[in-house]
Amino acid sequence: PELRFCLFSLHLNCIYFSVIMDKYQEQPHLLDPHLEWMLNLLLDIVRDSDSPPALVHLAFKFLYIITKVRGYKIFLGLFPHEVADVQPVIDMFTHQNPKDHETWETRYVLLLWLSVTCLIPFDLSRLDGNLTSEGGEVRTSTMDRILQIAESYLIVSDKARDAAAVLISKFITRPDVRQKKMADFLDWTLSTLSKSSFQTMEGTIMMDGMLQALAQVFKHGTRESCLPYASTVLVCLDNCKLSESNHTLLRKLGVKLVQRLGLTFLKPKLAKWRYQRGCRSLIANLRLSTQDEERQIPQILASDNDEDYDVPEEVENVIEQLLVGLKDKDTIVRWSAAKGIGRMTGRLPKELADDVVGSVLDCFSFQETDNAWHGGCLALAELGRRGLLLPSRLTDVVPVILKALTYDEKRGACSVGSNVRDAACYVCWAFAHIFCTITKIKSSLFSLIPINVGTFPHGIDILTTADYFAVGNRSNCFLNISVNIAGFAEYTQSMIDHLIDMKINHWDGLKSLTYNFQVLTTELIEIFLWNFHEKKNFLFLFLVCTLIKNLSLSKMPFQGDPIIGNWQWLINDSLKNLHLISNTSRQHIKEAAVSALAALCNEYYLNHQGEADPVLQDELMKNYISELQNTEEMIRCGFSLALGSLPAFFLKGKLKLVLDGLKAVTHISPKDVSFAEARRDALKAIAKICQTVGVKAEASEDDVICKENVYQIYDTFLDCMNDYTTDSRGDVGAWVREAAMTGLMELTVLLTRNHPELIEANVCKQIMCCLAQQSSEKIDRFRARAGSIFLNLLYFDSPPVPHIPYREELEKIFPRSESSVLNWNAPSQAFPCITQLLALPTYRYHVLLGLAVSVGGLTESTVRYSTQSVFEYMKKIQNDIQAMDSFSETLIQVFEDNLLNDRVSVPFLKMLDQMLANGCFDIFTTEENHPFSLKLLSLCKEEIKKSKDIQKLRSSIAVFCGMIQFPGDVRKKVLFQLFLLLCHPFPVIRKTTASQIYEMVLTYSDIVDPDIFDEVMTILSDTAWDTELHFVRAQRNYLCDLLKVPKPQLISKVTPRLMPQCLPS
């Protein structure tokens, strides 16, 4: 009973360990850090002479489980393989019984261990010593013992046979063994192979072992050592007629061996003619003519006619067998044959390789079975990923693969072809991997995207939705995943076409999973409408608009049907109800309605003459343009975008009317100043219309963009670049400015490509200056957008944008090589670059205007880096009187133009304070009453006149204190302004002024006579400036007397006397 319990316990431990290790099957590399200590722990048990046989076998069983999960190739390198390990491992075989089916794991692991230890870098004869014993008996050499062990286990029926083949491949290919034993071993294997028959179980086992051993030898052996025997082995293999066998593994091993023989016949070199992915665009490659292929595609070299290609006759036999293997009934045989085709073709001359490709394409005949199609796809994929399918062959290959992607044949009550479609996707992956961009077949690669995710539109989103497991469920794939992916415009039409052409009438019931378009008619839309009107559920608006769009894209035959009028009414009703919808749903419904309108017009409003119905066009335009002046902002947004989505034929003859209506939306008036979203969407619509109708210089302004209306459009965009509207949401004008920037870029690029003569120098100057200003402002996202557009226009090369001011200087400031990596979002990168534009007179005003807002802003990083950049620039020019005069004139001009504009003036005063404190204007302090100081003082006085803005007053105090450094009469005037503020009605301003004057006197001590210095400082510090105003005024006047500054006089308010009413007489 104890022995029985012990065996039961060992069995349970083995099962428990197997369950743990099986969890690592999908990611076995996670075991790598633990393999060594587990192996050493188990081998300690094996080497311990006191370990009972059951425990030793359990250790080997654990080793086999680890090997099964991680793979023997990784595990081999961890086995001990010193010289001292050879003999003990060989001796362990003496205790093994090849017929004991309970301990095959022990023999399997021992054979793997021996395959490593036999690789010691010494001649095996050195381990033998004197082979003659004292009794005159001759001992067997180590070499013979290993060979006997390997041969004996090649014919067993368990998995030890596989390990024996590995041992043979390592052992026979040793230089010392190869010379003495290789020929005899090959004679033995071929003899055994010839005598065996796959008709019996015993013969199948023996043939399996021989084929594995031969395949491994010809894989790991050198070509020079294997070539003399290759022909003989090939003849023997042909005589075995393995293709007639019903055993899948024998046929696979036969294909594997025959390809290894073929590779032995050919020299181990890579074909120089293969495609090496030099030109990254397949489309560009296909445009090149075949006559100039060698000259224009450097990566596809000429055929190696100058080299001596000795292709033996046996190669043709090998290729033929591999092509037969492509049509085998089992997948593993076909895949092995496909890999053989790829490997062999890579060593053939270009002409012969092209013949192989042609033979593979013969598999794609509709007379062939699905097995041939599957094998052909696998072969094309292997050829493609190795670069052996040249672009010139793609015209033959791509149509075949497109058919394979939809291969589906009914066989009895089921369908065949899923494996063909999967293999076709593998081909697509291989093509995308080697050619990088293929436009025709990229929508079929959802399950293979991870390798090349960046090449596909919305690749990451699709991969997240359509992963390997998600697409395995057919219902989920059709009803959820396909709908999600069809939401991306690049895939919508092709997926709809596929559903209609291939699935809606599918015999397997797939039509129940596809859109049944015949049901989605008037009745269904009426159900949606009833739900909307009865339940006020706005979700139905989104659903019905999406339905209309999909029905239109599906080209349903409703031309002239009254239902189209109902659809149009639905779209109009959706747009008119936008203001009633919650913010979370409004954008989705608006986009759905606009998309539905565009699809509806394209499909059903175009007559046979290619024009719109005049009556319908007039009615819709009148309705939509009138809604642009609706008192609800969201309705303006919806109809603006709707007009922007109309097709070119519908805008023809009405373009001027539409543009005028949209331009009116962008104007700011007192009643709609907060309608920033409407202005933004109107600009988006204008930009979209420009792209839709195109440009023609001499055409009518009612039809296309031309010289008559282009400047009106530019004026609209440029005017909106000054929209700085704010409300409770913040700087909502930034949305308008962003749309204006994008519109300017799109229109300029459109004109540059087609009619660059329509872009005037003054317009281009305004565009670049406005973009430079936005690139220097404080909001990171909009600064980044403006900077990106600025550089896009600067480096647009198809052709270059004309009239860009200071193009050469800009290219030095923003080198092309660095423009793509410049992070405009980061103030530390953006401001050092954009500040350099201050040196360019054209850009100085706008950049300085933007920097004023940034330097005087609130965000710490923005303020820090913008201030540093300005100071760096000032440091470069502070000793150049001409540059300083020019800069100061621009600075004064910015201040003057934005007087009483708190958005600019308050941060501008803060920037002036920083610049004065940093000594940026020291060069002007050498001249009394410098014009700059006088003008600056005048503007500051005007800015704070009658102001009650605490922040503005505090900033002006700091500026006045900084201006004390300027000598002459201006100093007395500055002191007068400060003493006025000492008696300001606001106590906080009085205290701030006194504190700032105290610091100013300490900094500029020369402004106060030394005899009265202490007294002045005492008054400033000890007076309670926030007390009663009459007391403060006395102290202020005393300071005026001390510093000889005129006392401010209190102006009494004169109230007009009322005339006495005349009494009636």
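User: How much space lies in the second largest cavity?

Analyst: About 40 Å³. Before we go on, this is a predicted model, in which local features need pLDDT of at least 70 and side-chain atom pairs pLDDT 80 or more, while totals for chains, interfaces and linings use all residues. Residues are numbered from 1 along each chain as its sequence is written, and side-chain values use heavy atoms, leaving out hydrogens and water.

User: What makes this space a cavity, and what is its volume a volume of?

Analyst: It is called a cavity because, on a 1 Å grid over the protein atoms alone, a 1.4 Å probe fits at its points but cannot get out. Its volume is the space filled by probe spheres set on those points, which are joined across faces, edges and corners.

User: Which residues line the second largest cavity, and which element gives the most?

Analyst: The lining (residues with an atom within 4 Å of a point) consists of L659, K663, I686, Q712, I713 and T716. Two elements, α31 (655-666) and α33 (710-720), each give two or more residues, and α33 gives the most, with three. These helices are DSSP runs (H or I, at least four residues), numbered from the N terminus.

User: How do you divide that lining into classes?

Analyst: Ala, Val, Leu, Ile, Met, Phe, Trp, Tyr, Cys and Pro count as nonpolar, Asp, Glu, Lys and Arg as charged, and the others, Gly among them, as polar. On that basis the lining has three nonpolar, two polar and one charged.

User: Why are α10 and α11 called roughly antiparallel?

Analyst: Helix α10 (residues 201-220) packs against helix α11 (residues 223-240) at about 150°, with axes 12 Å apart. The axes are lines fitted to C-alpha atoms over the stretch in contact, and angles run from 0 to 180 degrees between N-to-C directions. Angles over 145 degrees count as roughly antiparallel and those under 35 as roughly parallel, so α10 and α11 are roughly antiparallel. Their crossing is left-handed, meaning the near helix is turned anticlockwise from the far one by less than a right angle. The contact (heavy atoms within 4.5 Å) involves M207, L211, L214, V217 and F218 of α10, with C226, Y229, A230, V233, L237 and C240 of α11. Its classes are eleven nonpolar, no polar and no charged residues.

User: And what makes α32 roughly parallel to α34?

Analyst: The axes of helix α32 (residues 676-693) and helix α34 (residues 733-754) come within 8 Å and cross at roughly 10°. That angle is the reason why α32 and α34 count as roughly parallel. Among the contact residues are R679, R680 and L683 of α32 and W735, A739 and G743 of α34. The contact divides into ten nonpolar, two polar and five charged residues.

Methods:
On a 1 Å grid over the protein atoms alone, a cavity is a set of points where a 1.4 Å probe fits but cannot get out, and a pocket is an open set with protein on both sides within 12 Å along at least five of seven lines; lining residues have an atom within 4 Å of a point. Angles under 35 degrees count as roughly parallel, over 145 as roughly antiparallel, 65 to 115 as roughly perpendicular and the rest as oblique.
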